[in-house]
Amino acid sequence: MKKTALVCGAGGFIGGHLVTELKNEGFWVRGVDLKYNEHAPTDADDFAVGDLREQNFVRSVIDQRFDEVYQLAADMGGAGYIFTGENDADIMHNSALINLNVLESCHKRNIKQVYYSSSACMYPEHNQLDPENPNCSEHSAYPANPDSEYGWEKLFSERLYLSFNRNYGMRCRVGRYHNIFGPMGTWSGGKEKAPAAMCRKVAMCPDGGEIEVWGDGLQTRSFLYIDECIDATTRIMRSEVPEPLNIGSEEMIAINDLAKMAIEISGKTISIKNIPGPEGVRGRNSDNKLIAEYLNWSPSQPLREGMERTYNWISSEVEKAGAPAENS
Ligand code: NAD
């Protein structure tokens with residue numbers, strides 16, 4: 001019999017790619033989301049459009065004992081969504097409800113294997129003040145002090161899933177994503193992340209023009225290409241490792257240098273103007289020691305390769321959309 005999988009958040013960026021991978025592996029897949037993916041038709045065998053905050057809807061889609069359930073649905077976005085404070089109540093309320101509902105239904109159906117997508121945003125702010133030496137090792141999570149409500153909700157939900165392991169014998173697994181990027185991700189509208197925002201700004205900027213970058217541009221991050229993220233996700237899901245593991249790249253880069261990379265890839269001459277804007281912690285980098293030790297996993301390609309693929313995809317989307325030139 002075919003193995004079955006449920007992907008919550010299948011209309012989103014990582015969920016869409018995950019559905020494709022599970023189909024390639026031979027699973028029967030049901031996707032669930034508020035919406036279909038805007039950028040590509042789904043590969044799922046069955047796709048339910050609905051709201052995972054609604055308990056009855058969740059019960060209706062978790063109607064069988066799936067072999068694997070991936071919970072990626074969340075109210076989220078890039079710095080422009082998470083760090084302004086304007087969306088805090090929605091972020092906490094919506095994502096917590098989704099996790100409470102999904103977990104309850106999985107438990108009732110006796111589903112053991114559940115993957116939860118946490119985020120590097122749950123790491124304490126005080127370890128990420130020095131852009132050159134951020135500490136995001138898994139054991140640095142406590143005492144907790146995330147810099148956003150998004151991070152606090154992730155921390156709460158991690159604990160929720162792990163408590164179901166302890167009390168109900170489930171096998172929930174947790175990955176902490178560090179800035180995943182690639183084609184078919186959000187690239188405009190305010191919920192896009194830095195690599196997509198840089199690619200869009202550069203693609204829309206005329207040769208000889210200028211793009212705006214939030215902050216002084218010295219804040220650092222690392223970015224992981226989507227294919228690597230999917231590989232690490234399924235490995236963690238099927239592993240014997242119950243503790244949360246980082247899924248990220250250790251190739252840290254300053255945001256201005258990320259912008260320069262996108263400019264170089266475009267072949268245009270563009271200057272950078274740093275302007276005030278939401279930026280999050282000063283420095284963040286993945287620490288891959290634990291996942292390398294437990295699962296022998298580390299990213300296989302440099303940032304530049306993924307940025308080239310992403311820039312090519314976003315510039316063709318910009319062209320398709322016939323978007324006017326912008327400089328912010
Ligand atoms: P995404 O926004 O593209 O996907 C999330 C999906 O969840 C969206 O399609 C959205 O419609 C869906 N969703 C939201 N509320 C819902 C609801 N009430 N009912 C049903 N569906 C709902 O985000 P993504 O980049 O694919 O991220 C997937 C997961 O990984 C999220 O939990 C996110 O917090 C986590 N994560 C992502 C990153 C990253 O860099 N992309 C980093 C850290 C953590």
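**Interface between domain 1 and domain 2**

One salt bridge is found across the interface of domain 1 and domain 2. The model is predicted. The salt bridge pairs the side chains of Lys191 and Asp75.

- Domain 1 brings 29 residues to the contact, and domain 2 brings 28 residues.

**Buried area**
- The size of an interface is often quoted as the accessible area lost when the parts come together.
- For domain 1 and domain 2, the buried area is about 2300 Å².
- Carbon and sulfur atoms give 59% of that area.

- In the salt bridge, Lys191 and Asp75 sit at 3.5 Å, N to O.

**The domain 1 side**
- Three elements each supply at least two residues to the side of domain 1 that touches domain 2: helix H1 (13–24), helix H3 (79–82) and strand S10 (224–225).
- H3 gives the largest share of this side, 3 residues.
- By residue class, this side of domain 1 divides into 15 nonpolar, 9 polar and 5 charged residues.

Definitions and conventions
Residues are numbered from 1 along each chain as its sequence is written. This is a predicted model: local features need pLDDT of at least 70, side-chain atom pairs count only at pLDDT 80 or more; totals for chains, interfaces and linings use all residues. Side-chain values use heavy atoms; hydrogens and water are left out. Contact means heavy atoms within 4.5 Å. Buried area is the accessible area (1.4 Å probe) that two parts lose on being put together, summed over both. A salt bridge is a side-chain nitrogen of Lys or Arg within 4 Å of a carboxyl oxygen of Asp or Glu. Helices (H or I, at least four residues) and strands (E, at least two) are DSSP runs, numbered from the N terminus. Ala, Val, Leu, Ile, Met, Phe, Trp, Tyr, Cys and Pro count as nonpolar, Asp, Glu, Lys and Arg as charged, and the others, Gly among them, as polar.
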